[in-house]
Amino acid sequence: KRFGLLFSFQELPGIIIPLASGSIITLISTRSSALLFSSIVLLGQILCAIAVTYSSYASLLVGRFIFGLGDSTVVVLQGALLAEFFIRPNSLPNTDTNNANYGSIPNSSNANSQQRTPNSLKSHQSFGLSSAYGVMIAFSRVCSLLSMGLPAWIASVCPGGLSCVMWVASLVCFTSFLAGITLFLSLNRRTSAPEYVHEASESISERFRHSVAAILRIDSIQFLIFLEWMFLSTVFFSFLHFSVDLLSTRHQVPIIQAGLLGSIVLFTASVLSPFIGVFVDRFGNRSKIILFASVLQMLSLIQLTLYHTTTDYLSHPLWIFAVLFGASFAFVPVTLMSYMALLSEISILPLMLGAFKSVENIGLSIAHVILGSSVDASYGQYDVLLYILTSISLSATLATLIMRSQETHAQT
C-alpha cells in the first residue's frame, strides 16, 4: 500500500495540472514556462533523493507529488514548443481547401480574433510537426524502457545503493533544468508564445479574454479528437498495465516472457513513431490514418481474445499480436496531436495540448477501476477485460467515422 501511494501521489496532479499548465503557458509564454516547469521537476526529484537518503517516507510522498506537478506540465510544454517552431502564422502557405490534409491554422496575424468554423480551415503539411512529435514520443518511450533496467544496475554497482540511484536521477533532472535555462535565454520574446499570438502590448487579462473567446469557438471535430485519444490511449496503456498478469494467467506464458511480449508492444510503438510522423507530414489524411489505427487495434484485440492458451510463448499468434497492437498505437499520438495543433487557434494551443493529457488521465483513471473490478468479479480471469478493451476500441472506430462525416460536411 505504501509503495502504491508513491505512484498515486505522482499521478494525482495528472488530471488537472496539464490543463492548468496549458493556461499558464498561454499566459506567461513558453520561454518562462520552460524555466518554471523544469525547476519544479528538479525540486521534486531532489526532495525524493533526500527522503530516500534519510529514510523519510513522508518527505518522499511530498517529493513525488511535486515531481508529478512538474512531470505533468513538461509533456504539455514539449508539445507547445514543437508546435511553436513548426507552426508559424506568418509563414503558412496559401493552400487549397480541397487538399486531403484537412485542418490547419488560419494564415493571419490576427487569427485569434476571427470566428473559427470548420469551413474556414485551410490545409497544409504542418512543416514536419508530426515528424517532430514522432521523434519526441520515441525518445520518451525509449528512455522509459531504459529506466526499467538501469536503476537496478546502478544500485548494484554504486555503494550508496538506492540513494545513489535517486541522486543520479537528480542529475538527469538537472540537465533538464539546464535545458530550461537555455530555452529561457535563447528564445526571443517576440517569437515565443504567446508574444507571436497576441500583440506585445496586451496585458495578461486581455490575453485571458482572447483565450476564453477562442475556447468558445472549439468545434465538434476537436471534441471528437479528444474522444478518440481517450479511447485509444486507454486501451493501449490499460493493456500494458495488465499485460504481464493477463498473458501469464490466460495464456500460461512465463512471467519473464510475458514481460518481453509487453516490451515488444511498447518498443514497436516507439520505434515506428518517427517514421509514421514523416508519413503523416507527407500524405496527410489524418482521419483516415486514425480510422486504420483504430480498426487495427480492434482486430489485434479480437485475435488475442479468440486465442486462449499456448505452450510456445512466441508462437505466431502472440508475437504477431504484440507487433500489430504496438504498431496500431504508433499511429495514434503522432496523428492526433498534430491534428489538434493544426485545428486549434494558436492562442489556446498549449491549453488544448494540456487538455489532451488530462483526457488521457481521466480515461485511464476510470478504466483501471472498471477493468480491475472485472478481473476480480471473474475470479482472476481476463476474458471480460478483453471484451471491454475491444468495445472501447470499437467506440474509437465509430468516433472516427463520425469525424470523417464531419470533415466531409465542413468541406462541402
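This is a predicted model: local features need pLDDT of at least 70, side-chain atom pairs count only at pLDDT 80 or more; totals for chains, interfaces and linings use all residues.
**Figure 1. The order of elements along the protein chain.** In other words, the secondary structure comes to 14 helices and zero strands.

Figure 2. How many of the 412 residues count as buried? The share is 51%. The accessible surface of the protein chain is about 18500 Å², and carbon and sulfur atoms account for 70% of that area. Now consider contacts between residues at least 6 apart in sequence: 82% of these join residues at least 24 apart.

**Figure 3. Helices α8 and α12 packed against each other.** Two packed helices can be described with the angle between their axes and the distance between those axes.

**Figure 4. The residues where α8 meets α12.** From α8, the contact is made by Ile221, Gln222, Ile225, Phe226, Glu228, Trp229 and Leu232. From α12 come Val332, Pro333, Leu336, Tyr339, Met340 and Leu343. What kinds of residue make up the contact of α8 with α12? They divide into eleven nonpolar, one polar and one charged.

Figure 5. Follow the chain on from α8 and you come to Gln252, in the loop between α8 and α9 (255–283). Gln252 is not a glycine, yet it has a positive phi of about 55 degrees. Is Gln252 buried or partly exposed? Its relative accessibility is 47%, so Gln252 counts as partly exposed.

**Figure 6. Asn285, in the loop between α9 and α10.** Asn285 is found in the loop that links α9 and α10 (286–306). Although Asn285 is not a glycine, its phi is positive, at about 55 degrees. The relative accessibility of Asn285 is 22%. Buried means under 20%, so at 22% Asn285 counts as partly exposed.

Key: Residues are numbered from 1 along each chain as its sequence is written. Side-chain values use heavy atoms; hydrogens and water are left out. Helices (H or I, at least four residues) and strands (E, at least two) are DSSP runs, numbered from the N terminus. Buried means under 20% relative accessible area, exposed over 50%, partly exposed in between (1.4 Å probe, protein chains only). Contact means heavy atoms within 4.5 Å. Accessible areas come from the Shrake-Rupley method with a 1.4 Å probe; for residues, only the protein chains shown count as cover. Ala, Val, Leu, Ile, Met, Phe, Trp, Tyr, Cys and Pro count as nonpolar, Asp, Glu, Lys and Arg as charged, and the others, Gly among them, as polar.
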